[in-house]
Amino acid sequence: MRKVIINEKQKGLVFENGKFTGILNAGKHRFFKNKDVEVVNIMLKIYTDKCPLDILLENEDFKNAVDVYEIKENEIGLRFVNNIFTEAFKVGKYAFFKSNVNTQMKIIDTSACIIAGINPT
């Protein structure tokens, strides 16, 4: 048996024999050797080398625990935490764990943006 401790502001992504099976919340957890836990920071975008986001989203518990944003062509996503700009996102699909921290993703259509001094033609 192995144990893992998940701290506050973290979640554990559980993989059993290489397949995503669930999420662990803060606390001390024990599991058998055929399970692997990847600890992720809930304030950052969710990323794992073990499987793509779309596979994680097939799990109902995971799907209900996250906010998903899809940034399309000619868009950028601006993420704000507690009304402070933290990062920008290009085309792609991103997921963040829901939390009690005020977070927002503002999606901006860049096809209509005009930047002073730059002629797009």
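A residue is called buried under 20% relative accessible area, exposed over 50%, and partly exposed in between (1.4 Å probe, protein chains only). The model is predicted, so local features need pLDDT of at least 70 and side-chain atom pairs count only at pLDDT 80 or more, while totals for chains, interfaces and linings use all residues. Residues are numbered from 1 along each chain as its sequence is written, and side-chain values use heavy atoms, with hydrogens and water left out.

Helices (H or I, at least four residues) and strands (E, at least two) are DSSP runs, numbered from the N terminus. Two strands pair if DSSP finds at least two bridges between them. Three strands form an open sheet in the order β3-β2-β5, with antiparallel pairing. Because β3 (19–24) and β5 (35–41) stand at the edges with a single partner strand each, one side of each has no neighbour in the sheet. Five bridges join β2 (residues 10–16) to β3; L24 in β3 is the bridge partner of G12.

Five salt bridges are present, each a side-chain nitrogen of Lys or Arg within 4 Å of a carboxyl oxygen of Asp or Glu. In the pair K50 and D36, the closest N and O atoms are 3.0 Å apart. K50 lies in the loop between β5 and α1 (53–56) and D36 in strand β5, so the pair ties together parts 14 residues apart in sequence. R2, D36 and K50 are linked in a salt-bridge network.

Within helix α2 (residues 60–65), K63 and E60 lie three residues apart, about one turn of the helix, and their side chains form a salt bridge (3.8 Å, N to O). K63 is partly exposed at 41%, as is E60 at 47%.
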